[in-house]
Amino acid sequence: MHSNHKATSPEAEYQALIQAGELEPDIDQAKAVATLERLHRELIDYPARGGKNSGFPLKNWWPARFFHGFGNNKSAPKGIYLHGGVGRGKSMLMDLFFSVAPMASKRRVHFHEFMLDIHARLKEWHDLSTQEKARRGGRARDDDPMPSIAQQIAHETTLLCFDELQVTDIADAMVLTRLFKELFDHGVIVVATSNRPPGDLYKNGLNRQRFLPFIERIKERLEIIPLDGPVDYRYNRLKGAETYYFPVNAETTTQLSATFFRLTDRRVEDRAKVPSETLNVQGRTLFVPKAARGVAVFSFKRLCANPLGSADYLTIARTYHTVIMVAIPQFNNENNDEARRFINLIDALYEHGVKFLCSAAAPPQSLYTEGDIRFEFERTISRLMEMQSEDYLTRGHGKSVAD
């Protein structure tokens, strides 16, 4: 956000971006902003639950029952669930809301990252002794970790903002049903974005009836706001731009760079301010050199010359809706290891509907010149071609071809 005004509220921030010419007026977005403004105002006087900045150290942690009333009366503000098609501005609006949220103990996290964190906490809990579980406030008798984990999270943050809430497996579905009941009981406020309305979450999933209480709870505790307007802003920014550049030279690098700034609503002059990020992959840290608004930039060397594997590529595919890769070489028997990693990367991105922009030494058909895995590489060539199509570019992130 480039305006020099002092950010005061979601509404003020949104209007400033429109006046700066960075956003176009959009009726659906304006309705969503009005709801975010409502929550923003209600949060001003909402007491922090805990966390480093709240003044309540853990040993003085307020008992959970103190907050149980929040779920049953008007004192806990209603959270927000923004859903709609790809490129409608859900993440942008949530980031705008988060940046001005009037509280210190807040957390914005990609939903996949959040679930990895929860599963790590569950593992830690199961490794504890019975006595330690009891000391941490869990009911050791029935070995239920959720009250303890929810209390930890509520202590760390009062406002939880989730990007891209989606549920694809039974383990996550069951965890969410239990966890969110406890989080809401602790007075945690939730704002979420999703490609799907609540009723379509975990659709046709195994034992889905056991997940329905979660959907009901979401509908009860969050205001459901559709962003269903006709404009796909993300696709509009890509329309007319190449997605596959060759050869690798100063000109193609400049064109890719310009597309990155267009996709992320940043000015080229702010090049030095583009942040880096780190991702947690099974306890390891994966460095992302440049990332903004769901778009990540990597060199080919960083992702395919280093010994990364499917877990790394899946984490990238779940976290970013667009990946830009610079300087893909031609492949042959000399660099088959790199070619295999590239195959795995493209598979992960393709399966998750991630937009892929790149500069390469040659067009897709000529990327693998000769060598032992030419046959395996054929599928990658086919996918690289398809990933340039309008059908692919308008598909939602996280949606596979089968959806």
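Visitor: What is the bridge partner of Ile 328 in S13?
Guide: In this predicted model, Ile 328 has Ala 360 as its bridge partner in S13.

Visitor: How many bridges join S11 to S13, and do the strands run parallel or antiparallel?
Guide: Strand S11, residues 322-328, and strand S13, residues 355-360, run parallel and are joined by five bridges.

Visitor: What is the strand order in that sheet?
Guide: The order is S6-S13-S11-S10-S9. The sheet is open, has five strands and shows mixed pairing.

Visitor: And which strands stand at the edges?
Guide: Strand S6 (244-245) and strand S9 (290-292) do. Each has a single partner strand, so one side of each lacks a neighbour in the sheet.

Visitor: Back to Ile 328. What is its place in the largest nonpolar core?
Guide: Ile 328 is one of the residues that touch the most other members of that core, together with Met 325, Phe 342 and Phe 356. The core holds 40 residues.

Visitor: Which helix gives the largest share of this core?
Guide: Helix H14, residues 336-351, contributes the largest share, with eight residues. In general, nonpolar side chains of soluble globular proteins tend to be buried together.

Visitor: What is Phe 342 in contact with, leaving aside its neighbours within four places in sequence?
Guide: Its contacts include Phe 300, Cys 304, Met 325, Ile 328, Phe 331 and Phe 356. Leu 367, Phe 377, Thr 380 and Leu 384 are also in contact with Phe 342.

Visitor: What about a second core?
Guide: A separate core of 34 residues is present. Among its members are Ile 118, Leu 160, Val 190 and Leu 222.

Visitor: Cys 304 came up. Is it buried or exposed?
Guide: Cys 304 is buried, with a relative accessible area of 0%. Cys 358 is likewise buried, at 0% relative accessibility.

Visitor: How many disulfides does the structure hold?
Guide: The structure holds zero disulfides.

Visitor: New topic: which residues of H9 are buried?
Guide: In helix H9, residues 212-221, the buried residues are Phe 214, Ile 215, Arg 217, Ile 218 and Arg 221. They lie on the same side of H9, because they cover an arc of only 160° around the axis.

Visitor: What do they pack against?
Guide: The buried residues of H9 pack against strand S1 (79-84), helix H8 (170-185) and strand S5 (222-227).

Visitor: Where is Asp 312, and is it buried or exposed?
Guide: Asp 312 is in helix H13, residues 310-319. Asp 312 counts as buried, since its relative accessibility is 2%.

Visitor: What is in contact with Asp 312, apart from its sequence neighbours within four places?
Guide: Val 281, Arg 284 and Leu 286 are in contact with Asp 312.

Visitor: Now the backbone. Which residues does a cis peptide bond join?
Guide: Phe 246 and Pro 247 are joined by a cis peptide bond, with omega about -5°. Pro 247 lies in the loop between S6 and helix H11 (250-263).

Visitor: What is phi of Asn 207, and where does the residue lie?
Guide: Asn 207 is not a glycine, yet has a positive phi of about 50°. Asn 207 lies in the loop between strand S4 (189-194) and H9, and is partly exposed at 32% relative accessibility. Most residues other than glycine have a negative phi.

Visitor: And what of Arg 293?
Guide: Phi of Arg 293 is also positive, near 50°. Arg 293 is found in the loop between S9 and strand S10 (295-299), and is partly exposed, with a relative accessible area of 28%.

Key. Residues numbered from 1 in each chain as written. Predicted model: local features only at pLDDT ≥ 70, side-chain atom pairs only at ≥ 80, totals over all residues. Heavy atoms only, no water. Buried < 20%, exposed > 50% of the residue type's maximum accessible area, 1.4 Å probe, protein only. Helix = DSSP H or I, 4+ residues; strand = E, 2+ residues; numbered from the N terminus. Arc of directions from axis to C-beta. Contact = heavy atoms within 4.5 Å. Disulfide = S-S within 2.5 Å. Core = buried A, V, L, I, M, F, W, Y, C linked by side-chain atoms within 4.5 Å. Pairing = 2+ DSSP bridges.
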